[in-house]
Amino acid sequence: MRLLTTTAAAALAVACLGAGAAAAQNVVTQNTVQIFSTIDPAKISDYTDYMASVNLYDGLVTVDSDGNLVPELAESWVVSDDATSVTFTIRPDAHFSDGSPVEAKDVVYSFERLLRINQGPANLFAGIVEPGNVVAEDDKTVTFNLSRTFAPFMATVPSLRILNSDVVIANAGDDDGETFLATNVAGSGPYLLDSWDRGSRMIVKRDPNYYRGWHEGAIDEVRWIVTNDEATVRAMAASGELTMTSPYQSPDTYEALGAMGRFRIDSQPTSTAFYLKLNSRLPPTDDIHIRRAIAHAVDYETIREVIFPGEPMNTVLPEAGFAAFHAGDVEGPVFDMERAAEEVALSSYAGEAIPITLGYVAGTLFEEEISLMLQAHLEALGFVVTQQPDPWNRITEIAGSVETTPNVNQIFFGPTYPSPDSMFFTQYHSDAAGTWASMEWLQDPEIDALIDAARATGDVEEQAEIYKTLQHELDERMVSIPLLAQTVQHAMDNCLEGFDAVPMMSFDYDFYRYRWTC
Amino acid sequence: MRTDAEQHALSNAWQNWFRFSRNPTAVIGAVIVVVCVLLAILAPYITPYPDHVGAVVDFRNRHQPPSAAHWFGTDNVGRDIFTRVIFGLRISLILAVVVLGVAIPIGVILGLLAGYFGGWVETVIMRITDIALAIPPLVMALAVAAVLSPSLVNSMLAIALLWWTWHTRLIYSITRQLRTQEFVEAAETLGASRRHILFREILPNCVSAIAVKTSLDAGFVILIGAALSFLGLGIQPPTPDLGTMVAQGASFLPDYWWQSLLPGSAILILALGFNLLGDGLRDLFDVEDVR
């Protein structure tokens, strides 16, 4: 009898859909500039991996465009007063795509497996949550016990994708399910894997039974075509096959697609910042006045408007994604050659020819243009400039010691998890020194203490205050000159809506958030 | 009053000039080379924007097509391409002069020694030459640029390190023929020193071959230098260099064609000029051995 009812309901639903929507499936076709290397949630690392993962799997929480954590599998969570444990309550209706309920044991299994395999997002949890410290309280309640207070912990939770433990254990084989999960999905995400040809494409289809339900205009099918060839992208757009580009096309391609009429060019600020990093331990940039002079010798407006599109940035923390932590009252560097000359006069190098090296990534045209502009302005101030273009792998090498790090370096840096900590710790904390992200060689105990203090408090208000203080302190020291916050661009079909930049890798490609409006 | 010898030399030169001027390709080649050299020497005085050689940026004037103000248009930071092409000729010619200035003396001396003495001297020199000949110059230059840092001096060094081999081979084969000639044997019989025989008897008879080879080589050295710069291993910005300009302009093809096409044409014309001149000289001196 029950079977009969369900069948009847299904038949009715099909009949209703058939009238209007069944014929018109909402299909999104997007190109990616690189292949999907893995769909195993314990191994994901780059933008395409995460892109597949956010659609095929769900986490306990996810991130919105303001960087806030919002419920996904978990309907609520409680952080202990000392911020050393977090208890999540899983939605009662949450279920995997095979219909079985999502339970606390699945969370425990997914976490333990992540640490065992020790790849992908595992490093975010290393030393913070030890194996065995994620505990299932009951079927729908799970507690993470932290080894120490670590305020950014919650921001790392979205990268933990939840596996259907029963299915994985049944197919674990002798390699912890690595073979199985390399080609199969055992998750609760809004989309199901339809086909995947590693070198060329991946197709996912909407799970009609997804536990969070569907909205009007939902995307039924997403096709990712792997190509970084501009001509191919343009041809696919012209033939009507493409609905959305990757964010990495050339300006010419955006222009050509914009001219077709079917596309709009969607441009949004991101949390990825572009800096001039000044080596604060090498002459002449060891002098604060020289650093300020350089900051005044940069024509920010021309860079943003002519050389590389971006949003103005007044401090080292981009406003997009971190609005609550951003210090809007910092004046920020301004282009003013007179003030630059005054600063040079105040420095201990005043009155002499000041040798300086400008480093940038060899072969990157816009960086060379910026470097030439800087050379022109600095030579007018009495500097003797040496351009030092290096390939990227060489830059990662020379960033390893103070002596080989050039005076001025053009570096992009974006958050790997949606917390200001990701921006400050990696770039400015002494413990993280010696990488391309910290070519300033700041190593300032005062700054370290502030970063540690922000990590050790669970109080968001207090954190925000600390991060604002940090931005003022870093502005005083002027070791990183914020050039611009990168904008992300897509050519999108006029009927497609829903891209909203998120300060965490690829979470803005969760197609559950998109809708077809035509 | 001219002596007979002077008279003879004069008529010889006049004859050569007459034959040369009747060879249209040689004359065209010579004219191109002379014009390029003059342009390069006079660059600071004849170019419209000599300051555009250094770090000058003018972003309002970027990507301007060729016009009266900018004959070859402007590049991606608004610099005058005509000015930079003329200065680029300078770098190319300096490269050719330095490389050949280092390679030719080495190659000629080794060739003379190997050809005249024979025996183990010949074996050692010619086998080393064969080994060096087996390494493609571009690959060698890439390796040197990778080990040392990419710069004009290093790329010149790399090319010079391999270029002597061709001259060694050439002079070796000529010397082998000459050493059994009567005038060499006569000098030996008279007890002339080896140095006298090598440099006073044999070398003057190689000069025409060297001249032909040198002018042909100049074109090749310029092309290799441009190739290295194109790959980002030669001259570093902002110094104007033809190969670098072609490489940078290539990212703006086809819309801003002048940025790579015009510097590319300059390389073409310069290399062509040296080759035509070399061919003309070869016909003139009737040197068989060169290529």
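## Contacts and overall form

Two residues are taken to be in contact if their C-beta atoms, placed from the backbone, lie within 7 Å. By that rule, residues 24 or more positions apart account for 70% of the contacts in chain A with a separation of 6 or more. This is a predicted model, in which local features need pLDDT of at least 70 and side-chain atom pairs count only at pLDDT 80 or more, while totals for chains, interfaces and linings use all residues. Residues are numbered from 1 along each chain as its sequence is written, and chains are lettered from A and ligands numbered from 1 in the order in which they are written.

Chain A holds 17 helices and 18 strands, where helices (H or I, at least four residues) and strands (E, at least two) are DSSP runs numbered from the N terminus. Its C-alpha trace spans about 95 × 55 × 40 Å along the principal axes.

## Helix H3 of chain A

Helix H3 covers residues 104–117 of chain A, and its end C-alpha atoms are 20 Å apart, in agreement with the 20 Å that its 14 residues should span at 1.5 Å a residue; the expected span is 1.5 Å times one less than the number of residues. Among the buried residues of H3(A) are A:Val107, A:Phe111 and A:Leu114. An α-helix has 3.6 residues a turn, so residues three or four places apart point the same way.

The buried residues of H3(A) pack against elements of chain A that include strand E5 (85–90), helix H4 (122–125) and helix H6 (165–170). After H3(A) comes A:Asn118, whose phi is positive, near 55 degrees.

## Where chain A meets chain B

The contact between the chains takes 15 residues from chain A and 12 residues from chain B. On the side of chain A that touches chain B, the largest share, eight residues, comes from H13(A).

## A residue in helix H17

A:Ile466 is found in helix H17 (residues 460–477) of chain A, and this residue counts as buried because 24 other C-beta atoms lie within 10 Å. Leaving aside its neighbours within four places in sequence, A:Ile466 is in contact with A:Leu450, A:Ala453 and A:Ala454.

Methods:
A residue is buried if 20 or more other C-beta atoms lie within 10 Å of its own, exposed if 12 or fewer, and partly exposed in between; C-beta atoms are placed from the backbone.
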